[in-house]
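Hi there,

Here is the structure I promised to pass on to you. Have it open while you read, and I will walk you through what turned up in it.

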Amino acid sequence: MEQVLYDYTRQDAQGATCTAHAWAKVPPALPPAERARTVERIKALLRERDAMLVAHYYVDGDIQDLALATGGCVADSLEMARFGRDHAARTLVVAGVRFMGETAKILSPHKRVLMPDLEATCSLDLGCPAEEFSAFCDAHLDRKVVVYANTSAAVKARADWMVTSSCALAIVNHLKEQGEKILWAPDKHLGRYIQEQTGADMLLWNAACIVHDEFRGLELEILKREHPGAKVLVHPESPRSVIEQADVVGSTTQILQAVVDGKADTYIIATDNGLLHRIRQLAPGKTLIEAPTAGRSATCKSCAHCPWMAMNALQGVLACLEQGSGEILVPEPVRSQAHGCIDRMLAFTASHPGSLAKPGVVPHLGSA
Ligand code: 13P
Ligand code: SF4
(Lines give C-alpha, C1' and ligand atoms only; values in the text may rest on other atoms or scores of the structure.)
(Ligands and ions follow the chains in the order given, each with its own letter.)
Protein backbone atom coordinates (compact mmCIF):
# COMPACT_ATOMS: atom_id res chain seq x y z
CA MET A 1 0.00 0.00 0.00
CA GLU A 2 1.29 3.43 -0.85
CA GLN A 3 -0.14 6.68 0.44
CA VAL A 4 -0.01 9.91 -1.51
CA LEU A 5 0.25 13.02 0.58
CA TYR A 6 -2.25 15.62 -0.40
CA ASP A 7 -2.66 18.75 1.59
CA TYR A 8 -5.75 20.91 1.26
CA THR A 9 -6.62 24.23 2.72
CA ARG A 10 -9.47 24.48 5.17
CA GLN A 11 -9.87 28.24 4.89
CA ASP A 12 -12.14 30.33 2.72
CA ALA A 13 -11.15 33.57 0.96
CA GLN A 14 -11.78 35.55 4.16
CA GLY A 15 -9.56 33.25 6.19
CA ALA A 16 -12.45 31.59 8.05
CA THR A 17 -12.21 27.83 8.33
CA CYS A 18 -14.75 26.03 6.24
CA THR A 19 -16.28 24.48 9.35
CA ALA A 20 -16.68 27.90 11.02
CA HIS A 21 -18.45 29.08 7.87
CA ALA A 22 -20.76 26.06 8.03
CA TRP A 23 -21.57 26.44 11.74
CA ALA A 24 -22.39 30.11 11.16
CA LYS A 25 -24.97 29.04 8.55
CA VAL A 26 -26.80 26.55 10.80
CA PRO A 27 -30.35 27.96 11.15
CA PRO A 28 -31.68 28.56 14.70
CA ALA A 29 -34.14 26.03 16.16
CA LEU A 30 -37.75 27.12 15.61
CA PRO A 31 -40.02 27.91 18.56
CA PRO A 32 -42.52 25.00 19.10
CA ALA A 33 -45.58 26.64 17.51
CA GLU A 34 -43.68 27.76 14.40
CA ARG A 35 -42.02 24.38 14.16
CA ALA A 36 -45.41 22.61 14.17
CA ARG A 37 -46.77 25.01 11.51
CA THR A 38 -43.67 24.50 9.37
CA VAL A 39 -43.97 20.72 9.58
CA GLU A 40 -47.62 20.85 8.49
CA ARG A 41 -46.84 23.25 5.62
CA ILE A 42 -44.01 20.97 4.40
CA LYS A 43 -46.30 17.94 4.51
CA ALA A 44 -48.89 19.74 2.37
CA LEU A 45 -46.28 20.99 -0.13
CA LEU A 46 -44.70 17.55 -0.48
CA ARG A 47 -48.11 16.25 -1.59
CA GLU A 48 -48.85 19.23 -3.85
CA ARG A 49 -45.46 19.16 -5.57
CA ASP A 50 -45.26 15.36 -5.94
CA ALA A 51 -42.07 15.47 -3.89
CA MET A 52 -40.29 13.01 -1.58
CA LEU A 53 -37.96 13.79 1.27
CA VAL A 54 -34.77 11.70 1.23
CA ALA A 55 -32.77 12.21 4.43
CA HIS A 56 -29.50 11.00 5.88
CA TYR A 57 -29.34 9.75 9.48
CA TYR A 58 -27.08 12.64 10.47
CA VAL A 59 -29.59 15.43 9.79
CA ASP A 60 -31.92 17.08 12.29
CA GLY A 61 -34.32 14.61 13.98
CA ASP A 62 -37.38 16.64 12.91
CA ILE A 63 -36.40 16.22 9.25
CA GLN A 64 -35.84 12.49 9.73
CA ASP A 65 -39.29 12.12 11.37
CA LEU A 66 -40.91 14.14 8.61
CA ALA A 67 -39.28 12.02 5.91
CA LEU A 68 -40.60 8.84 7.49
CA ALA A 69 -44.07 10.29 8.16
CA THR A 70 -44.47 11.29 4.50
CA GLY A 71 -43.27 8.09 2.80
CA GLY A 72 -39.72 9.28 2.16
CA CYS A 73 -36.61 7.65 3.54
CA VAL A 74 -33.99 8.03 6.25
CA ALA A 75 -30.97 6.01 5.28
CA ASP A 76 -27.24 5.64 4.62
CA SER A 77 -25.80 7.02 1.40
CA LEU A 78 -26.23 3.76 -0.55
CA GLU A 79 -29.93 3.45 0.28
CA MET A 80 -30.53 7.17 -0.33
CA ALA A 81 -29.17 6.71 -3.86
CA ARG A 82 -31.33 3.64 -4.48
CA PHE A 83 -34.47 5.18 -3.03
CA GLY A 84 -34.12 8.38 -5.04
CA ARG A 85 -33.52 6.45 -8.26
CA ASP A 86 -36.44 4.05 -7.78
CA HIS A 87 -39.15 6.36 -6.41
CA ALA A 88 -41.67 7.69 -8.91
CA ALA A 89 -41.87 11.20 -7.37
CA ARG A 90 -41.08 14.07 -9.75
CA THR A 91 -39.12 16.01 -7.13
CA LEU A 92 -36.62 14.78 -4.55
CA VAL A 93 -35.74 16.97 -1.56
CA VAL A 94 -32.40 15.61 -0.40
CA ALA A 95 -31.52 16.47 3.21
CA GLY A 96 -27.86 15.69 3.57
CA VAL A 97 -24.70 16.98 1.93
CA ARG A 98 -24.11 18.05 -1.63
CA PHE A 99 -22.69 14.81 -3.01
CA MET A 100 -25.93 13.06 -1.98
CA GLY A 101 -27.99 15.52 -4.00
CA GLU A 102 -25.62 15.20 -6.95
CA THR A 103 -25.84 11.41 -6.84
CA ALA A 104 -29.64 11.63 -6.90
CA LYS A 105 -29.54 13.99 -9.90
CA ILE A 106 -26.97 11.88 -11.78
CA LEU A 107 -29.20 8.81 -11.38
CA SER A 108 -32.44 10.66 -12.19
CA PRO A 109 -31.72 13.57 -14.54
CA HIS A 110 -35.41 13.98 -15.34
CA LYS A 111 -36.30 14.57 -11.66
CA ARG A 112 -35.97 17.89 -9.90
CA VAL A 113 -33.51 17.55 -7.02
CA LEU A 114 -33.61 20.24 -4.32
CA MET A 115 -31.47 20.69 -1.21
CA PRO A 116 -32.03 22.87 1.88
CA ASP A 117 -28.56 24.46 1.53
CA LEU A 118 -26.34 23.99 -1.52
CA GLU A 119 -23.28 24.94 0.55
CA ALA A 120 -23.61 21.80 2.67
CA THR A 121 -20.46 20.03 1.59
CA CYS A 122 -18.13 17.39 3.05
CA SER A 123 -14.45 17.54 4.00
CA LEU A 124 -13.78 14.49 1.82
CA ASP A 125 -15.27 16.23 -1.19
CA LEU A 126 -13.31 19.43 -0.38
CA GLY A 127 -10.16 17.36 0.06
CA CYS A 128 -10.32 15.88 -3.43
CA PRO A 129 -10.42 18.64 -6.08
CA ALA A 130 -11.25 17.27 -9.52
CA GLU A 131 -8.24 18.66 -11.41
CA GLU A 132 -5.63 17.31 -9.00
CA PHE A 133 -7.49 14.03 -8.81
CA SER A 134 -7.59 13.74 -12.57
CA ALA A 135 -3.82 14.31 -12.76
CA PHE A 136 -3.36 11.60 -10.12
CA CYS A 137 -5.43 9.19 -12.26
CA ASP A 138 -3.43 10.12 -15.37
CA ALA A 139 -0.23 9.19 -13.54
CA HIS A 140 -1.59 5.71 -12.67
CA LEU A 141 -3.48 4.51 -15.70
CA ASP A 142 -2.80 0.87 -14.82
CA ARG A 143 -5.16 1.06 -11.82
CA LYS A 144 -8.96 0.78 -11.49
CA VAL A 145 -10.22 4.03 -10.04
CA VAL A 146 -12.49 3.46 -7.02
CA VAL A 147 -13.99 6.52 -5.36
CA TYR A 148 -16.03 6.88 -2.23
CA ALA A 149 -19.53 8.34 -2.62
CA ASN A 150 -18.35 11.47 -0.75
CA THR A 151 -16.89 13.14 -3.86
CA SER A 152 -18.00 15.64 -6.48
CA ALA A 153 -19.66 14.64 -9.75
CA ALA A 154 -16.47 15.70 -11.57
CA VAL A 155 -14.37 13.27 -9.51
CA LYS A 156 -16.90 10.49 -10.11
CA ALA A 157 -16.65 11.24 -13.83
CA ARG A 158 -13.03 9.97 -13.66
CA ALA A 159 -13.90 6.81 -11.71
CA ASP A 160 -14.53 3.22 -12.74
CA TRP A 161 -16.41 2.41 -9.53
CA MET A 162 -18.16 4.34 -6.80
CA VAL A 163 -18.53 2.66 -3.41
CA THR A 164 -20.14 3.54 -0.08
CA SER A 165 -19.02 2.31 3.32
CA SER A 166 -21.57 -0.50 3.20
CA CYS A 167 -20.31 -2.10 -0.01
CA ALA A 168 -16.66 -0.99 -0.32
CA LEU A 169 -15.23 -4.22 1.10
CA ALA A 170 -17.22 -6.44 -1.27
CA ILE A 171 -16.40 -4.38 -4.35
CA VAL A 172 -12.67 -4.09 -3.62
CA ASN A 173 -12.58 -7.85 -2.91
CA HIS A 174 -14.28 -8.46 -6.25
CA LEU A 175 -11.70 -6.28 -8.06
CA LYS A 176 -8.83 -7.98 -6.24
CA GLU A 177 -10.13 -11.40 -7.33
CA GLN A 178 -10.01 -10.11 -10.91
CA GLY A 179 -6.34 -9.20 -10.42
CA GLU A 180 -6.96 -5.44 -10.51
CA LYS A 181 -4.75 -2.86 -8.81
CA ILE A 182 -6.70 0.01 -7.27
CA LEU A 183 -6.41 3.77 -7.04
CA TRP A 184 -8.56 4.79 -4.06
CA ALA A 185 -9.90 8.22 -3.07
CA PRO A 186 -10.46 10.18 -0.99
CA ASP A 187 -10.77 8.81 2.61
CA LYS A 188 -7.40 7.57 3.89
CA HIS A 189 -8.85 5.81 6.96
CA LEU A 190 -11.52 3.93 5.03
CA GLY A 191 -8.98 3.15 2.27
CA ARG A 192 -6.48 1.74 4.76
CA TYR A 193 -9.18 -0.30 6.51
CA ILE A 194 -10.35 -1.80 3.19
CA GLN A 195 -6.74 -2.47 2.15
CA GLU A 196 -5.99 -4.30 5.40
CA GLN A 197 -9.18 -6.36 5.21
CA THR A 198 -8.81 -7.37 1.56
CA GLY A 199 -5.04 -7.35 0.99
CA ALA A 200 -5.68 -5.55 -2.33
CA ASP A 201 -2.96 -3.44 -3.97
CA MET A 202 -4.27 0.07 -3.25
CA LEU A 203 -2.84 3.50 -3.82
CA LEU A 204 -4.54 5.91 -1.41
CA TRP A 205 -5.49 9.57 -1.65
CA ASN A 206 -4.99 11.43 1.60
CA ALA A 207 -8.16 13.12 2.82
CA ALA A 208 -10.28 12.55 5.91
CA CYS A 209 -13.72 13.19 7.38
CA ILE A 210 -13.29 15.98 9.93
CA VAL A 211 -15.94 14.36 12.12
CA HIS A 212 -14.69 10.77 12.31
CA ASP A 213 -11.03 11.80 12.27
CA GLU A 214 -11.61 13.31 15.74
CA PHE A 215 -12.38 10.03 17.49
CA ARG A 216 -9.50 9.04 19.74
CA GLY A 217 -8.21 5.53 20.47
CA LEU A 218 -6.68 6.27 23.86
CA GLU A 219 -9.78 7.91 25.29
CA LEU A 220 -11.90 5.11 23.85
CA GLU A 221 -9.75 2.57 25.69
CA ILE A 222 -10.43 4.38 28.97
CA LEU A 223 -14.17 4.62 28.25
CA LYS A 224 -14.31 0.90 27.46
CA ARG A 225 -12.77 0.10 30.84
CA GLU A 226 -15.56 2.09 32.49
CA HIS A 227 -18.18 0.08 30.54
CA PRO A 228 -16.81 -3.46 30.29
CA GLY A 229 -20.03 -4.95 28.87
CA ALA A 230 -20.44 -2.34 26.12
CA LYS A 231 -20.04 -3.17 22.43
CA VAL A 232 -18.09 -0.69 20.32
CA LEU A 233 -19.57 0.24 16.93
CA VAL A 234 -17.37 2.26 14.57
CA HIS A 235 -17.83 3.91 11.19
CA PRO A 236 -14.80 3.05 9.00
CA GLU A 237 -13.96 6.72 8.36
CA SER A 238 -12.46 6.66 11.88
CA PRO A 239 -8.72 6.34 12.60
CA ARG A 240 -7.11 2.91 12.89
CA SER A 241 -6.66 3.20 16.71
CA VAL A 242 -10.47 3.43 17.01
CA ILE A 243 -11.31 0.78 14.40
CA GLU A 244 -8.95 -1.66 16.14
CA GLN A 245 -11.15 -1.57 19.24
CA ALA A 246 -14.42 -2.12 17.37
CA ASP A 247 -16.80 -5.03 17.75
CA VAL A 248 -18.52 -3.85 14.58
CA VAL A 249 -17.17 -1.68 11.76
CA GLY A 250 -19.86 -0.55 9.35
CA SER A 251 -21.91 2.06 7.57
CA THR A 252 -24.51 4.07 9.44
CA THR A 253 -27.23 1.51 8.64
CA GLN A 254 -24.98 -1.35 9.70
CA ILE A 255 -24.26 0.39 13.03
CA LEU A 256 -27.97 0.97 13.59
CA GLN A 257 -28.78 -2.65 12.76
CA ALA A 258 -26.04 -3.89 15.10
CA VAL A 259 -27.73 -2.11 18.03
CA VAL A 260 -31.21 -3.30 17.06
CA ASP A 261 -30.04 -6.92 16.69
CA GLY A 262 -27.39 -6.91 19.45
CA LYS A 263 -27.82 -8.73 22.76
CA ALA A 264 -25.76 -6.23 24.78
CA ASP A 265 -27.46 -3.46 26.77
CA THR A 266 -24.82 -0.76 26.13
CA TYR A 267 -23.16 0.48 22.92
CA ILE A 268 -20.33 2.96 22.42
CA ILE A 269 -20.86 4.57 19.02
CA ALA A 270 -18.12 6.21 16.95
CA THR A 271 -19.99 8.11 14.28
CA ASP A 272 -21.90 11.39 13.94
CA ASN A 273 -24.31 11.66 16.85
CA GLY A 274 -27.22 12.47 14.50
CA LEU A 275 -27.56 8.69 14.04
CA LEU A 276 -28.56 8.29 17.69
CA HIS A 277 -31.99 9.79 16.98
CA ARG A 278 -33.02 6.87 14.76
CA ILE A 279 -31.29 4.24 16.91
CA ARG A 280 -33.21 5.46 19.99
CA GLN A 281 -36.47 5.08 18.07
CA LEU A 282 -35.68 1.55 16.89
CA ALA A 283 -33.91 0.27 20.02
CA PRO A 284 -35.51 2.23 22.88
CA GLY A 285 -34.27 0.00 25.70
CA LYS A 286 -30.57 0.20 24.85
CA THR A 287 -27.99 2.55 26.40
CA LEU A 288 -26.01 4.55 23.84
CA ILE A 289 -22.71 6.29 24.63
CA GLU A 290 -20.98 8.62 22.19
CA ALA A 291 -17.35 7.70 21.55
CA PRO A 292 -14.84 10.31 22.79
CA THR A 293 -13.34 12.86 20.41
CA ALA A 294 -10.47 15.31 20.59
CA GLY A 295 -13.07 17.95 19.86
CA ARG A 296 -12.78 21.69 19.60
CA SER A 297 -11.36 21.93 23.10
CA ALA A 298 -9.70 19.59 25.56
CA THR A 299 -12.97 19.18 27.42
CA CYS A 300 -15.07 18.25 24.42
CA LYS A 301 -15.72 14.54 24.70
CA SER A 302 -18.57 13.98 22.36
CA CYS A 303 -18.94 16.80 19.93
CA ALA A 304 -19.04 14.54 16.88
CA HIS A 305 -21.53 16.25 14.65
CA CYS A 306 -21.03 17.22 11.02
CA PRO A 307 -21.41 21.01 10.52
CA TRP A 308 -22.57 20.54 6.93
CA MET A 309 -25.26 18.02 7.92
CA ALA A 310 -26.31 20.50 10.64
CA MET A 311 -27.02 23.12 7.96
CA ASN A 312 -30.11 21.11 7.00
CA ALA A 313 -33.11 22.55 8.83
CA LEU A 314 -36.90 22.64 8.48
CA GLN A 315 -36.63 26.26 7.24
CA GLY A 316 -34.47 25.11 4.32
CA VAL A 317 -36.79 22.22 3.43
CA LEU A 318 -39.71 24.66 3.38
CA ALA A 319 -37.81 27.12 1.18
CA CYS A 320 -37.03 24.38 -1.36
CA LEU A 321 -40.68 23.48 -1.67
CA GLU A 322 -42.08 27.01 -1.60
CA GLN A 323 -39.55 28.72 -3.84
CA GLY A 324 -37.85 25.86 -5.71
CA SER A 325 -34.55 27.02 -4.18
CA GLY A 326 -31.44 24.87 -3.79
CA GLU A 327 -31.78 23.05 -7.10
CA ILE A 328 -28.96 20.63 -7.93
CA LEU A 329 -27.83 20.68 -11.55
CA VAL A 330 -25.15 18.39 -12.94
CA PRO A 331 -24.31 19.47 -16.50
CA GLU A 332 -23.48 17.08 -19.32
CA PRO A 333 -21.09 15.44 -20.12
CA VAL A 334 -20.07 15.20 -16.45
CA ARG A 335 -23.44 13.72 -15.49
CA SER A 336 -23.34 10.83 -17.91
CA GLN A 337 -19.63 10.24 -17.27
CA ALA A 338 -20.28 10.08 -13.51
CA HIS A 339 -23.33 7.84 -14.00
CA GLY A 340 -21.22 4.84 -15.03
CA CYS A 341 -19.41 4.32 -11.71
CA ILE A 342 -22.58 4.77 -9.62
CA ASP A 343 -24.62 2.46 -11.81
CA ARG A 344 -21.86 -0.18 -11.63
CA MET A 345 -22.03 -0.11 -7.82
CA LEU A 346 -25.83 -0.34 -7.77
CA ALA A 347 -25.81 -3.21 -10.27
CA PHE A 348 -23.15 -5.02 -8.22
CA THR A 349 -25.04 -4.68 -4.92
CA ALA A 350 -28.29 -5.76 -6.60
CA SER A 351 -26.69 -8.86 -8.12
CA HIS A 352 -24.73 -9.75 -4.95
CA PRO A 353 -27.41 -9.29 -2.28
CA GLY A 354 -25.28 -11.08 0.31
CA SER A 355 -22.28 -8.90 -0.43
CA LEU A 356 -23.04 -6.06 1.95
CA ALA A 357 -21.13 -6.58 5.21
CA LYS A 358 -23.45 -8.25 7.70
CA PRO A 359 -24.07 -5.95 10.63
CA GLY A 360 -22.64 -7.46 13.78
CA VAL A 361 -19.75 -9.15 12.03
CA VAL A 362 -16.30 -7.70 11.49
CA PRO A 363 -14.13 -9.98 9.37
CA HIS A 364 -11.11 -9.79 11.66
CA LEU A 365 -12.97 -9.59 14.94
CA GLY A 366 -15.89 -12.01 14.74
CA SER A 367 -19.44 -11.54 15.97
CA ALA A 368 -20.56 -8.71 18.20
P1 13P B 1 -22.89 6.23 5.18
O2 13P B 1 -22.81 5.77 3.79
O3 13P B 1 -22.46 5.18 6.17
O4 13P B 1 -24.25 6.76 5.48
O5 13P B 1 -21.85 7.41 5.40
C6 13P B 1 -21.96 8.65 4.77
C7 13P B 1 -21.17 9.66 5.48
O8 13P B 1 -21.04 10.77 5.06
C9 13P B 1 -20.52 9.24 6.72
O10 13P B 1 -19.82 10.27 7.29
FE1 SF4 C 1 -18.42 14.31 5.08
FE2 SF4 C 1 -17.72 13.51 7.47
FE3 SF4 C 1 -19.78 15.15 7.20
FE4 SF4 C 1 -19.96 12.56 6.42
S5 SF4 C 1 -19.70 13.30 8.48
S6 SF4 C 1 -20.66 14.35 5.29
S7 SF4 C 1 -17.88 12.22 5.67
S8 SF4 C 1 -17.64 15.60 6.71
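Let's begin with one pair of residues: A55 stands opposite V74, which belongs to strand β3. Please keep in mind throughout that this is a predicted model.

D50, in the loop between α2 (32-48) and β2, has a phi near 50°, a positive value in a residue other than glycine. For background, most residues other than glycine have a negative phi, and most peptide bonds are trans.

The one from A185 to P186 is cis, with omega near -10°, and P186 lies in the loop between β8 (182-185) and α10 (188-198). The bond from E332 to P333 is also cis, and its omega is near 5°. You will find P333 in the loop between α16 (314-323) and α17.

Now for a second open sheet. It has 4 strands in the order β11-β10-β12-β13, with parallel pairing. At its edges stand β11 (248-249) and β13 (287-290), each with a single partner strand, so one side of each is left without a neighbour in the sheet. Strand β12 (residues 266-270) pairs with β13 in the parallel sense over 4 bridges. As examples, I268 has I289 of β13 as its bridge partner, and I269 has E290 of β13. Together with helix α14 (residues 275-282), β12 and β13 make a right-handed β-α-β unit.

Next, a pair of helices. How do α5 (residues 98-107) and α17 (residues 334-351) cross? Their axes come within 9 Å and cross at roughly 100°, which makes α5 roughly perpendicular to α17. At the contact, T103, I106 and L107 of α5 meet R335, A338, H339 and I342 of α17. By class, the residues of this contact are 4 nonpolar, 2 polar and 1 charged.

Finally, the ligands. Around ligand 1 you will see D76, S77, L78, N150, T164, S165, C209, E237, S251 and T252. This shell divides into 2 nonpolar, 6 polar and 2 charged residues.

Which of the 13 residues around ligand 2 come nearest? These are C122, S123, C209, V211 and C306. By class, the shell around ligand 2 has 9 nonpolar, 2 polar and 2 charged residues. Look for C209 in particular: it is named around ligand 1 and again around ligand 2.

Enjoy exploring, and write back with any questions.

Best wishes

Technical notes
Residues numbered from 1 in each chain as written. Chains lettered and ligands numbered in written order. Predicted model: local features only at pLDDT ≥ 70, side-chain atom pairs only at ≥ 80, totals over all residues. Pairing = 2+ DSSP bridges. Helix = DSSP H or I, 4+ residues; strand = E, 2+ residues; numbered from the N terminus. Near = placed C-beta within 6 Å. Nonpolar A, V, L, I, M, F, W, Y, C, P; charged D, E, K, R; others polar. Right-handed = clockwise from strand over helix to strand, strands pointing away. Axes fitted to C-alpha atoms, helices over the stretch in contact; angles between N-to-C directions. Parallel < 35°, antiparallel > 145°, perpendicular 65-115°, else oblique. Contact = placed C-beta atoms within 7 Å.
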